Amino acid sequence: MRKWISATCVLAALALAAAPALAAGTVGETAPAFQLKGIDGKTYSLADYKGKVVVLEWVNPNCPFSDRHAREKTMSDLARKHGEIVWLGINSTNASHANYLQPAEHQAWAKKNGVSYAILYDETGKVGKAYDAKTTPHMFIIDKDGKIAYNGAIDDDPPGRKAKAERANYVAQGLGAEKAGKNPDPAATKPYGCSIKY
Amino acid sequence: MSTSRAALLALSLTALLAPPPARGAASEWAENEQSRVRLVTEYATAPRNGPIRLGLHFTLSPGWHVYWKNSGDAGFPPVITFSSTGGALQKAELFWPAPRRFELPGGLVAFGYEGEAVYPIQAKLQVPEGAGAVETVTSDLERAGGGESVEITAEVDYLVCEVDCIPYRYTLALTQPVGEEAVADPETSRLLDSWWARLPKPAGEIPGVQTGALVHAGNPEKLELEVRVRGARAKKGETDLFLETHEALETGKPQVRVTADEVVFRVPLRAKQAGKELPAKTVFAWTVTGLSREGELVSLEARREVEVSRKPGGGEPSAGAAPAGETGAAYRARLFRLLLLALLGGLLLNLMPTVLPLLLGELVVLRGDPGGRPAVREGAAAVATGILGSCMAMAALAEAARRAGLPAGWGAQLQEPLLAALILVAAVVLTLNLWGLLDTPLPSTDPADPAERRGSVRHLLAGLFTTPLALGWTLPLLREPVGFAVEKGPAVTLTVLAALGLGLSLPYLVLLLAPAVVRVLPAPGRWSRVLREGMGFLAGASTFWLLYALSHHVSPEGIAWVELALLVMALLAWLRHRTVPRNAVRFGLAVALVACAAAALWLADDNRLTPRTSRTADNQRNILTGG
């Protein structure tokens, strides 16, 4: 009986220790730290961008939604417009999935679409799970204090029916709010797109 | 035509090949590798004015699915816009048949349809009288097909997914003949009938079936939505719950419990934004599928303002009972029984190894008081007041813990390392006191010391100390009353702990009424000093139990450090006892002793195994697998 009780306690403790890595992505909470290798071979760490606003974009070139936004330059134009922020793409595609791209292919895709920001590999899906990222594209804004300020879709137009200028781009709105020292509104939307190939 | 639009069209090449308008009740199929889609109406000849049923008809390759109104973690539901020439198709409304759940890699989930799906559409058709009023397009068609007609065009965007997802856009067009007399199309009207039957029924429209929901927010770390359906049969594995997207809450995977005529779903919730207070009521829309009623398969849907309950009802609900299920009489009977249990439990706590020495000590002191009966009365009243007062304080603490989302209930005190360590330190102080190494404000059985004999304050303090010392003993008897109290809120908590306090102070209350009873004890003397020292061993032994209880929540290193701190406490007490009464030294040692006690608390807290906001492993698992 007593062994039982202690075993339960140890299990509960273990579950709790594992928990922070799994349930997250909540607006207002500290953004989980990570260190990942980019498609350019360099190592990127979230800690390097302390004090800066960081945008995370879950990306998968083989997903029609990521690809459409790349061709439309939704992300790259926005990143260029806000020179003061850091834009990081994260590809959480499992290395065994058909959608997985080798660095050379990934770079070719980025070059073709004029994507100049860093794209990081997360083939274990650990970082994706830490943020509870669900789709490509799934967007996060991390504020200067390292807290998640926005979690959700890039815009209000999943099928891409509207002209680019007519869409409500939530990340553009959020970055504007951050610049003005305000909180993004909306701070959370429903992300759309392909499921991440964990 | 924007660049984005052009881009998407280029993406799905087939979309450019919009099929030509077909005459009759269905458009041509638009086909791709994964799916095909067409627009259907129920009529071969539609009435000129009036309601018309249409459908967006999909057939899907094996493994591929299209989406429900809440697509789940990824994807999006079909978007359709109508235009018409030769008449007006108005107020088109798309409906959502009962969906099913698709599990995707990484614990992601999608809601939608596979195989074949028809999204029913209800609209109103208005075609102006007379061929002369219609446009040239219609006249062309009239020439081609004869009779009046209206061209209905639907622009459709949809996403079809397996694990991969492909978006498509098509323009589906059909030429609907209209006339004075409506003629149904046998094939399409049958198809639409069968899919109309798969629409979830509004909960109020199914006789004998009720549904309701409640958000459990008593523990902010374990938010849960409870949805119940009564009056319908269901099988586990067949019935399922689907929620529409909630603006502020993420919903996890529902857990289902099925009884004879009730289905209970419990859905873990998570705030999308940290630190945002939930309102008292929030709107949820739910669909429950796979129910059977009188042999017929039904789904129901409801959209309600759902109450957010702050009471800690996060555990398993009692079978068959609604959340607020107990009726007046049954509730009163239960409360009365639990109050009696609390009283009895309180009385029994007096026999616990850390409480008994206090009780006996007090009795001996009162027996030896030369003030006689009035003094006994006064002393007993002071102790009883102290006990009841500290019980009230405990009630406040339990309520505060509950509000802070910490575990509250009988036994919870030993799960919180800081509290358990405090009880432990109190037991050690009592032991040292009984052995005469310390002179804390605990009662002494040494009647020779005049300071011990007088002063209600000392008695009051003894009473105040009794409750924390009693807390170290998790009598199973008290688990139900205290658990019930915490669940029912502050008023009941106060009542139950008052009953417990009454039980604990019952010996003193007896003395208060009949002070003469104390005379059954012999006058204090050598025997009482021996008793006191013996009791020290009893209290000392209880520290073993408390250390054991603490060891569940503190790491082995932490336990070793705490033990060391306690030993140093004893050493300091002994040194202090041994030193000649030089005030400066004694004071210094006393300060060191207090510091040591504080260190023991800090060490326990610092080496805790579980973070303070204790969540259960079960709850974590739910939230994670859902999404």
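**View 1. Helix 2 of chain A and its buried residues.** In helix 2 of chain A, the buried residues are A:P64, A:F65, A:S66, A:R68, A:H69 and A:A70. The helix spans residues 64–71, and six of its eight residues are buried, so it is largely enclosed by the rest of the structure. A:K73 follows helix 2 of chain A and has a positive phi, near 60°. This view, like those below, is taken from a predicted model.

**View 2. The five-stranded open sheet of chain A.** The strands of this sheet are arranged in the order 5-4-3-7-8, with mixed pairing. Strand 5 (118–121) and strand 8 (148–152) of chain A stand at the edges; each has a single partner strand, so one side of each is left without a neighbour in the sheet. On average, neighbouring strands of this sheet are turned by 20° against each other, direction ignored.

View 3. Four bridges link strand 8 of chain A to strand 7 (residues 139–142) of chain A in the antiparallel sense. Within strand 8 of chain A, A:N151 stands opposite A:F140. Helix 6 (residues 170–179) of chain A lies across strand 3 (54–58), strand 7 and strand 8 of chain A. The helix runs at about 170° to strand 8 of chain A.

View 4. A:E57 is a residue of strand 3 of chain A. It has 26 C-beta neighbours inside 10 Å and therefore counts as buried. Leaving aside neighbours within four places in sequence, A:E57 is in contact with A:M75, A:W87, A:G89, A:P137 and A:M139. One of these residues, A:W87, is 30 residues from A:E57 along the chain, and the C-alpha atoms of the two are separated by 7.6 Å.

**View 5. A:Y150 and the largest nonpolar core.** The largest nonpolar core has 123 residues, and A:Y150 and B:W286 are those with the most contacts inside it. Strand 12 (residues 148–161) of chain B gives the most to this core, contributing eight residues. For A:Y150, the contacts beyond four places in sequence are A:V27, A:M139, A:F140, A:I141, A:Y170, A:V171, A:G174, A:P184 and A:A187. Another core, of 81 residues, lies apart from the largest one and includes B:V383, B:I423, B:A426 and B:L438.

**View 6. Strand 22 of chain B and the strands paired with it.** Strand 22 (residues 262–271) of chain B is mostly covered, with eight of its 10 residues buried. Strand 17 (residues 224–230) of chain B runs antiparallel to strand 22 of chain B and is joined to it by seven bridges. In this pairing, B:E226 has B:R266 of strand 22 of chain B as its bridge partner. Strand 20 (residues 249–251) of chain B also pairs with strand 22 of chain B in the antiparallel sense, over three bridges. Here the bridge partner of B:L249 is B:A271 in strand 22 of chain B.

**View 7. The hairpin of strands 21 and 22 in chain B.** Three residues lie between strand 21 and strand 22 of chain B, which form a hairpin. Strand 21 (residues 255–258) of chain B is joined to strand 22 of chain B by four bridges, and the two run antiparallel. B:F265 in strand 22 of chain B stands opposite B:V256.

View 8. Chain B contains 16 helices and 24 strands, and 45% of its 627 residues are buried. Of the contacts in chain B with a separation of 6 or more, 76% are between residues 24 or more positions apart. The mean pLDDT of chain B is 80, with 84% of its residues reaching 70 or more. Over residues 442–453 of chain B, pLDDT stays under 50, and the model has 32 contacts beyond four places in sequence for this segment. Residues 613–627 of chain B also stay under 50, with 40 contacts beyond four places in sequence in the model. The model scores ipTM 0.73 and pTM 0.55.

Definitions and conventions: Residues are numbered from 1 along each chain as its sequence is written. Chains are lettered from A and ligands numbered from 1 in the order in which they are written. This is a predicted model: local features need pLDDT of at least 70, side-chain atom pairs count only at pLDDT 80 or more; totals for chains, interfaces and linings use all residues. Two strands pair if DSSP finds at least two bridges between them. Axes are lines fitted to C-alpha atoms, for helices over the stretch in contact, and angles run from 0 to 180 degrees between N-to-C directions. Two residues are in contact if their C-beta atoms, placed from the backbone, lie within 7 Å. A residue is buried if 20 or more other C-beta atoms lie within 10 Å of its own, exposed if 12 or fewer, and partly exposed in between; C-beta atoms are placed from the backbone. pLDDT is the predictor's confidence in each residue, from 0 to 100. A nonpolar core is a set of buried Ala, Val, Leu, Ile, Met, Phe, Trp, Tyr and Cys residues joined through C-beta atoms within 7 Å.
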